[in-house]
Amino acid sequence: MELKSFKSTAEFYSRFRVPYPGGLIAQLEKDANLNNTCVVLDVATGPGRLALRLAPIVGKVLAIDIDAEMLREGAAKARALSLKNVQWVQARAESHEIEADSVDLVTIGEAIHRLDQDLVLGHIRNWLTSSGCVAIAGCYGILHGSQPWQDSLRHAVKRWTSQMRQDDSRRWRGEDHDTARLMQAGFQDVVNRSFSIPHVWTRESILGNLHSTSQFSISALGEQIGDFDKSVMISLEAYETDQFPQTIPCGYTIGWKNTQYGPEI
């Protein structure tokens, strides 16, 4: 499977992606029955948005990604947070070898679409302990919503992609998709957890968030970076504010290796 490059995005990703809300992390801790003896595997970790949030809760986090730049960013943040139980590994989930029955929770944050899903989900079932589970997490993007500033922003970036959907309805690939994939892979008691994040963007953080994506990264835009940045800034000039609110839906879909360990509904 061909993967889009996230070259040049690591710092933007780390700085300008909105953190998962505390309520989501707390619910995941409860669902997965996490404690300080548990081992978590964060697949396609990027700079560790999930790995770094779960590390204080568990005994060990194995964070794997194919992008060395992302891993360096994540490791630097772990050092800044004095987190010593995260192991950063450059690897493809499709081919990385992990001991069977050794992981209590596998997380995939906004990356399921970049993986060979049949192969990876099959590996995950083998890696998980008998009571283990897998959670596919994600959030809507900055272009999701009906705020006037978002209409202006969608219009501004439209010329740089032929695939832009006007309502940005893709989410993180969607509850229905993720539920179906987990059930097809043999996971049990699959449920969805939904949350929302009230967030206020600035012009700087809007541009930074866009540059955190493979689609609008500095490397992807190349010589057009100046024109792109100018168009984004012009689209926001009509608003006499540097406060751009968005309520961001997010959540995760979780399934268990064995049905007797499923969640309280």
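Q: Is Tyr252 buried or exposed?
A: The structure is a predicted model, in which local features need pLDDT of at least 70 and side-chain atom pairs count only at pLDDT 80 or more, while totals for chains, interfaces and linings use all residues. Residues are numbered from 1 along each chain as its sequence is written, and side-chain values use heavy atoms, with hydrogens and water left out. A residue is called buried under 20% relative accessible area, exposed over 50%, and partly exposed in between, using a 1.4 Å probe and protein chains only. Because its relative accessibility is 1%, Tyr252 counts as buried.

Q: Which residue forms a stacked aromatic pair with Tyr252?
A: Rings of Phe, Tyr and Trp (its six-membered ring) pair if their centres lie within 6.5 Å, and planes under 30 degrees apart count as stacked, over 60 as edge-to-face and the rest as tilted. By this rule there are six aromatic pairs, and in one of them the centres are 6.3 Å apart with 25° between the planes. This pair links distant parts of the chain, 57 residues apart, with Tyr252 in strand β7 and its partner in strand β6, where helices (H or I, at least four residues) and strands (E, at least two) are DSSP runs numbered from the N terminus. The partner counts as partly exposed because its relative accessibility is 22%, and its name is Phe195.

Q: Which residues does Asn209 touch, leaving aside its neighbours within four places in sequence?
A: Asn209 lies in helix α8 (residues 203-211) and counts as buried because its relative accessibility is 8%. Contact means heavy atoms within 4.5 Å. With those neighbours left aside, Asn209 is in contact with Phe16, Arg17, Ile142 and Trp201.

Q: How far apart are the C-alpha atoms of Val190 and Leu153?
A: Val190 is found in strand β6 (residues 188-201), and residues up to four places away aside, it touches Thr179, Leu182, Met183, Thr253, Ile254 and Gly255. Leu153 is 37 residues from Val190 along the chain. The separation of their C-alpha atoms is 36 Å.

Q: How many charged residues are in the lining of the largest cavity?
A: On a 1 Å grid over the protein atoms alone, a cavity is a set of points where a 1.4 Å probe fits but cannot get out, and lining residues have an atom within 4 Å of a point. The largest cavity has a volume of about 90 Å³, a volume being the space filled by probe spheres set on the points, which are joined across faces, edges and corners. Twelve residues line it, with Ala44, Ile66, Ala91, Arg114 and Leu115 nearest its centre. Counting Ala, Val, Leu, Ile, Met, Phe, Trp, Tyr, Cys and Pro as nonpolar, Asp, Glu, Lys and Arg as charged, and the others, Gly among them, as polar, the lining has eight nonpolar residues, no polar ones, and a charged count of four.

How values were computed:
1 Å grid on protein atoms, 1.4 Å probe; cavity = no way out; pocket = protein on both sides within 12 Å on 5 of 7 lines; lining within 4 Å.
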